[in-house]
Amino acid sequence: AIDISRLLQETGYMTLDTGYKNTGSCASTITYLDGNKGILRYRGYAIEELAEKCSFVEVAYLLIHDKLPNTEELNAFKSLLERFALIHEDMIHFFDHFPSHASPMSILSVMVNSLCNYYPEMSDDPLENIDMTAARLISKIRTIAAFSYKKSMGHPLVYPRHDLSYCGNFLNMMFDKPVKPYTVRPEVVATLNKLLILHADHEQNCSTSTVRLVGSAGVNLYASIAAGINALWGPLHGGANEAVIQMLEAIHADNNDFEKYINKAKDKNDPFRLSGFGHRVYKTYDPRGTIIKKACDEILTVLNISDPLLDIARKLEEIALSDEYFIKRNLYPNVDFYSGIIYRAIGIPTNMFTVMFALGRLPGWIAQWKEMREDPSTKIGRPRQVYVGEPERPFIPLEKRD
Ligand code: ACO
């Protein structure tokens, strides 16, 4: 087989592909994505079926182990999640030292990065301990997210319970209060479960590529995941779910002046974009968006919530999808467009939406990191550049510079 990259290097040629629009960085067996047909599969299974029939824990297992777990495997994985649900008590003090306005994403990234100091076995043999580390991460990230919220509210911490599911435990740790006990509703658990599954992997997006790139330098899994969390934070990536709600609120406050926002999004001199619209790979409706839109209608009905932002989102979608600008560029709602309305309905504060995305994406990051490390052909990620600066210049001593 011809090694194209070696051939290009030897002949002095290089490919320049800013934003990696058409460059594959790895071969992977994890996620299949057809952006023209709107198909998404994890390990060969259709996203629609997984979202309908599986728990998030099963999907996490599937992504990491390349097989749906049988009952025994699932129970073993669940008991690891239970065993690792707490964080070291010393780490709880970390929360006290962030300013009250600290971003939950920065807290999450710091806390996940710090886990390697408390569970350093990853540094000795990263692949031997991957199962334990994966379970630790998946379980602890949920506790970190809920504790971070409780600390930000000044409420006492609620510890994980053995009788609750992964999502049930998260909701209980978030919302249970000594004076007002929280009732974990199965419909809310099912919806959260679905959202996390839909976010669990999406091949070589910005955060996943970051996890792989950082990991390719030999960094441990915790630190690689912390880097992925930072990448996800960006408003063009995971941060878009928070930006969508802010945009819908702004439209609401502007007396539903849709035209103003559509025109702003179309104006090339204005940096504003319709958040939750467009995707690098999907040139049709994001299949995750279709499922989330339906789930959004269902859960709002169950909870008897009438959110004006849902009506605004529906109307905005309708206007954009019949506008020449959006049609010509194949811009459709993506996974983030309706997810925030669900999070609002179940009580998650807006500044934690991207944290929720990170909780969902974590198994995908772990699976991708594992695949990268297990592949003997992996090399450190090191793109080239096309130098367009000055040619060689004579040095000017300090006293002669203007
Ligand atoms: N609103 C208005 N115009 C848009 C939008 C949008 N949301 N998205 C893309 N465009 C336009 C661009 O201005 C560009 O127009 P041009 O050809 O006239 O210059 C054209 O569509 C192509 O856009 P690019 O930026 O080249 O597309 P790219 O693949 O680089 O970006 C992205 C994809 C970042 C998702 C983009 O569509 C965007 O910024 N969307 C809004 C933010 C968002 O929702 N991000 C979440 C993505 S999904 C996820 O990460 C989970």
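Around the ligand sit 20 residues, and Ala 240, Arg 273, Phe 277, Gly 278 and Arg 280 come nearest; a residue is near a molecule if its C-beta atom, placed from the backbone, lies within 6 Å of it. This is a predicted model, where local features need pLDDT of at least 70, side-chain atom pairs count only at pLDDT 80 or more, and totals for chains, interfaces and linings use all residues. Residues are numbered from 1 along each chain as its sequence is written.

Helices α6 (residues 104-118) and α12 (residues 221-232) pack at about 170°, with axes 7 Å apart. Axes are lines fitted to C-alpha atoms over the stretch in contact, and angles run from 0 to 180 degrees between N-to-C directions. That makes α6 roughly antiparallel to α12 (the label for angles over 145 degrees). Helices are DSSP runs of H or I with at least four residues, and strands are E runs of at least two, numbered from the N terminus.

UniProt, in an unreviewed entry, puts the feature "active site" at His 279 and Asp 336; such annotations may be inferred rather than shown by experiment. The two are spread over 58 residues of sequence, yet cluster in space, with a largest C-alpha distance of 10.6 Å. His 279 is in the loop between α14 (258-266) and α15 (287-302).

Technical notes: Parallel < 35°, antiparallel > 145°, perpendicular 65-115°, else oblique.
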